[in-house]
Amino acid sequence: MKLIQIKNITKAFGQKKVLNQISGTIRKGELLSLVGISGSGKTTLLKIIAGLISSDTGSIYLNSKKLQGPKDKLIAGHEEIKLVFQDFALKSNMSVEENLNYALLGYDEVYKKNRIKRLIEICNLETLRHQHSGELSGGQKQRVAFARALASEPEVILMDEPFSNLDPLTKQSLLIETKLLAKKTDTTVILVTHDTRDAMEIADEIWVLQKGKIAQKGTPREVYKNPKNPQIARLFGIINLLSEYQSNKLLNIKSPTGIWIENVNITSKGVIKGYVKEVIFNGKNHKLLIFINPDLELMAFDHHKTYRPRDLIQMTLNPKEIIIFK
């Protein structure tokens, strides 16, 4: 079911065009992630969807109804769309329960009481309900901010870099919680993140923005397996990028190519030979920088941590794992 339709959105700040003819459809209950380098237009698009800034051209539709921009409303924003801010924007002098209550000002008291009870239950906030938000950890604040965004039962929640200030363990836990809560409540979530690992872990679909345009759309698997250009590939992990000349010489392919680091296989029967130029500690494994010839170096994982600088090495590349850039 189509929930949000974005049609031909453009936006410029002065002479700089930040968004250029952005169009797309977001389904109900979907978790969409917007990724791209800084300045690609991710946050600007999010704020236009939220109704906080106006686009220069184009329209946003929710359930086939055109949404008004901030110039057409007394108060910017939309009741059906809630934004979770990067700094959480909680009332530090209020308890968790009071923050949720504050989000429901003007609602019927019976509804408010039942809704807060439900939010505390589904967001696992029972042990925190009486704590002031200023006393909470970053991860706990994030959970409360998400619960507060859910308070009025919006159809869409927008999240702008929500996990950027969290430690890896807390982030991992909240990524899982966010996806579970979104699916449990059938809420559409649009997540802006610079960390594509977050997007790949929880998104149903990814839109990659480049220079104000959507350069690629697809599931995390589709985008990772078939990035449309080397710049997109670099966003999603460590990839060996070969020029047309290098690809032709090594692989007999007359196009630029890419091969993810995990798809370079170290084996005693490998036909590609070189020596280890550098060993980089990477926790559970080592990353190896391998000299092939003066024009080519490759990165590979050494899962057994056995190789040292200047060791001879042999490798194979699975033809099915080679990405060909047209």
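1. Contact here means heavy atoms within 4.5 Å. With that in hand, look at L125: setting aside neighbours within four places in sequence, L125 is in contact with V96, L119, I120, R143, V144 and A147.

2. A word on what you're looking at. This is a predicted model, where local features need pLDDT of at least 70 and side-chain atom pairs count only at pLDDT 80 or more, while totals for chains, interfaces and linings use all residues. Residues are numbered from 1 along each chain as its sequence is written, and side-chain values use heavy atoms, with hydrogens and water left out.

3. Now the cores. A nonpolar core is a set of buried Ala, Val, Leu, Ile, Met, Phe, Trp, Tyr and Cys residues joined through side-chain atoms within 4.5 Å; buried means under 20% relative accessible area, exposed over 50% and partly exposed in between, using a 1.4 Å probe and protein chains only. The largest nonpolar core has 47 residues, and L125, I157, M159, I206 and F236 have the most contacts inside it. Helix α4 gives this core its largest share, six residues. Apart from it lies another core of 26 residues, including I22, L32, L45 and I49. In soluble globular proteins, nonpolar side chains tend to be buried together.

4. Next, the strands near the end of the numbering I'm using here. Helices (H or I, at least four residues) and strands (E, at least two) are DSSP runs, numbered from the N terminus. Is strand β15 enclosed or open? Seven of the eight residues of β15 (residues 286-293) are buried, so this strand is largely enclosed by the rest of the structure.

5. Who sits beside β15? Two strands pair if DSSP finds at least two bridges between them. Strand β14 (residues 272-281) pairs with β15 in the antiparallel sense over six bridges, and I280 has K287 in β15 as its bridge partner. The two form a hairpin with four residues between them, and G283 in the turn has a positive phi of about 75°. Strand β16 (residues 296-302) also pairs with β15, antiparallel, over seven bridges. There, L288 stands opposite A300 in β16, and the β15-β16 hairpin has two residues between its strands.

6. There's also an open sheet of four strands, in the order β2-β1-β4-β5, with antiparallel pairing. Its edge strands are β2 (16-27) and β5 (65-66), each pairing on one side only. Strand β1 (residues 2-13) is joined to β4 by five bridges, with I60 in β4 as the bridge partner of I6.

7. Finally, the pockets. On a 1 Å grid over the protein atoms alone, a pocket is an open set of points where a 1.4 Å probe fits, with protein on both sides within 12 Å along at least five of seven lines, and lining residues have an atom within 4 Å of a point. Grid points are joined across faces, edges and corners, and a volume is the space filled by probe spheres set on the points. The largest pocket holds about 620 Å³ of space. Of its 22 lining residues, I81, K82, L83, F85 and R148 are the closest to its centre. Elements β6 (81-84), α2 (96-102) and α4 (138-150) each supply at least two lining residues.

8. The second largest pocket has a volume of about 210 Å³. It is lined by 18 residues, with S55, G58, L67, Q68 and G69 nearest its centre. Strand β4 gives the most to this lining, three residues.
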